[in-house]
Amino acid sequence: MIVDEKKGAIECILFVAGEPVEREALKMALSLTDVELQGILDEMDRQYREEGRGILIFVTDTTVQLVSNRKYAYIIEQMLQPPKEKSFSQSLLETLSVVAYKQPVTRSEIETVRGVRCDYAVSRLEELGFIKEVGRKDTVGRPAQFGTTDKFLREFGINSLSQLPELKLQSEEEL
Amino acid sequence: MDYRVKLAQFDGPLDLLLHLIEEAELDICDVFVSEITSQYLAYMDDLSELDMNKASEFISMAATLVNIKSKSLLPAAPILEGGEEDSEEILIAQLKEYKAFKRAGADLSLMRENASGTYTRLPEEFPLPPPVVNFPDASIDALYEAFVNVLNKERFRNEPYDRSLHEVKADRYTIRSQLRVIRNRLKINGKADFESLFDGAPTKMECIVTFMALLDMIMHNEISLRQSTPYGKITILTKELCDDDSKYEYMDEVEYDS
């Protein structure tokens, strides 16, 4: 398969899959190495952007997904009226930030930081698909540990957790 | 009267404290030399608006604040070794951490606003059909042959007749006998390791009966158990060994003569 065909094949897989596709799965399907896949993805990303395409590829450390280009969002909103995303309540945002920065984290660890019970916020975020159970802590009761999802990265416009803004533990009065 | 935000609008006691600190333009570290405690307590008038769970979170913080305040008014008690961490320091650290995450949450909200307008497709309902499995060589005859082969395997033919499945043995271990075993063990030096009771290769029945005897002995105040650390070794300590079993009620156990 020549490079253009591989690009086409990846585009096709991503279109049909809709949801994020594991890089590993793409490598297997097209017998590519990490470097080759990364090269093709970079090339696709550049091409899509330069041509002002309606779709872009959204690449994270582990997955790839086709997403619509934000540039045309206003047209989509006029024409299709997609459901408006509601803004988050403060308790959801705080809970999400604790999960994002401290993951994997158990509910009681989140509650220690926030000083309030977080059952509702945690289950709501899980329902919305921003966090998911990623394991169990090796301690009494083996509580579930939570981490953020691909949807979290996508919704917040970053490709990996390393792009989160730095957590400022010192208050500015002290700096 | 001053305008005041309602208690119900705060997301827990830390949120309220942070609000008071910001109102007073204080540094978090100065919180306990200020009027914050009394201001916090003033908010407790609104408690009746909250449900029990939320209210108890606020009350617990109020208790911590009053405790810290009262400590600061009294002469310092001698510091006990290995005592708890200073509740004041803990609370300050907690407030700082909470503030950092609250700010991070606000940043996230901004990021989300900037990133809005991206849409994705739902996956095709059946993106990949399940692979069809074919067994081109399979036939009824082949299946029969395979089964015969399995039956003819050596291990089936030579398997000895398992008597244990067809005989019921008398109980070899009784509570009475295990009581004696444990007591004799304890008579040597007054204590024993829990695990050492199960040394050797005891059968499942022996383990169970020994354990039941142990429970009986605890109930009759013959022994007590000690464990110094969680998951650590359990030590059996002698309290008052009995020599006769008259206090014990037995299920109709028959002593087995070995």
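Me: What share of the contacts in chain B with a separation of 6 or more comes from residues 24 or more positions apart?

Reply: The share is 62%. This is a predicted model, so every value here is computed from it.

Me: How many helices and strands does chain B have, and in what order do they run?

Reply: Chain B has eight helices and three strands. From the N terminus the order is α-α-α-α-α-α-α-β-α-β-β. Of its 258 residues, 17% count as buried.

Me: What makes helix 1 and helix 3 of chain A roughly perpendicular?

Reply: Their axes cross at roughly 75° and come within 10 Å. The perpendicular class runs from 65 to 115 degrees. The angle falls inside that range, and the two helices are therefore roughly perpendicular to each other. Helix 1 of chain A contributes A:Val3, A:Lys6, A:Lys7 and A:Ile10 to the contact. Helix 3 of chain A contributes A:Ile40, A:Glu43 and A:Met44. The classes here are four nonpolar, no polar and three charged.

Me: How do you know whether A:Ser31 is buried or exposed?

Reply: Count its C-beta neighbours. A:Ser31 has 9 inside 10 Å. The cut-off for exposed is 12 or fewer, so A:Ser31 is exposed. A:Ser31 sits in the loop between helix 2 and helix 3 (34–50) of chain A. Its phi is near 40°, a positive value in a residue other than glycine.

Me: What makes B:Asn221 exposed?

Reply: B:Asn221 has 11 other C-beta atoms within 10 Å. With 12 or fewer as the limit, B:Asn221 counts as exposed. Phi is positive for B:Asn221 too, near 65°. Its place is the loop between helix 8 (204–219) and strand 2 (223–227) of chain B.

Me: Why is A:Ile76 called partly exposed?

Reply: A:Ile76 has 17 other C-beta atoms within 10 Å. Buried needs 20 or more, and exposed needs 12 or fewer. The count lies in between, so A:Ile76 is partly exposed. A:Ile76 belongs to helix 4 of chain A. Leaving aside neighbours within four places in sequence, A:Ile76 is in contact with A:Ser68, A:Pro82 and B:Tyr119.

Me: How many residues does each chain put into the contact between chains A and B?

Reply: Chain A gives 36 residues and chain B gives 36. Among the elements of chain A that each supply at least two are helix 1, strand 3 (63–68) and helix 4 (73–80). Helix 5 of chain A gives the most, with eight residues. The chain A side divides into 17 nonpolar, nine polar and 10 charged residues.

Me: Which residues touch the most other members of the largest nonpolar core?

Reply: They are A:Leu96, A:Val99, A:Ile110, A:Leu125, B:Leu17, B:Ile21 and B:Tyr40, in a core of 39 residues. Elements supplying at least two core residues each include helix 5 (90–102) of chain A and helix 4 (87–115) of chain B. A second, separate core has 11 residues, B:Leu179 and B:Val209 among them. In soluble globular proteins, nonpolar side chains tend to be buried together.

Me: What does B:Tyr40 touch, not counting residues up to four places away in sequence?

Reply: B:Tyr40 touches B:Leu16, B:Leu17, B:Leu20, B:Ala62 and B:Leu65.

Me: Where is the cis peptide bond, and what is its omega?

Reply: The cis bond joins A:Gln103 and A:Pro104, with omega about -5°. A:Pro104 lies in the loop between helix 5 and strand 4 (105–106) of chain A.

Note on methods. Residues numbered from 1 in each chain as written. Chains lettered and ligands numbered in written order. Predicted model: local features only at pLDDT ≥ 70, side-chain atom pairs only at ≥ 80, totals over all residues. Core = buried A, V, L, I, M, F, W, Y, C linked by C-beta atoms within 7 Å. Helix = DSSP H or I, 4+ residues; strand = E, 2+ residues; numbered from the N terminus. Contact = placed C-beta atoms within 7 Å. Nonpolar A, V, L, I, M, F, W, Y, C, P; charged D, E, K, R; others polar. Axes fitted to C-alpha atoms, helices over the stretch in contact; angles between N-to-C directions. Parallel < 35°, antiparallel > 145°, perpendicular 65-115°, else oblique.
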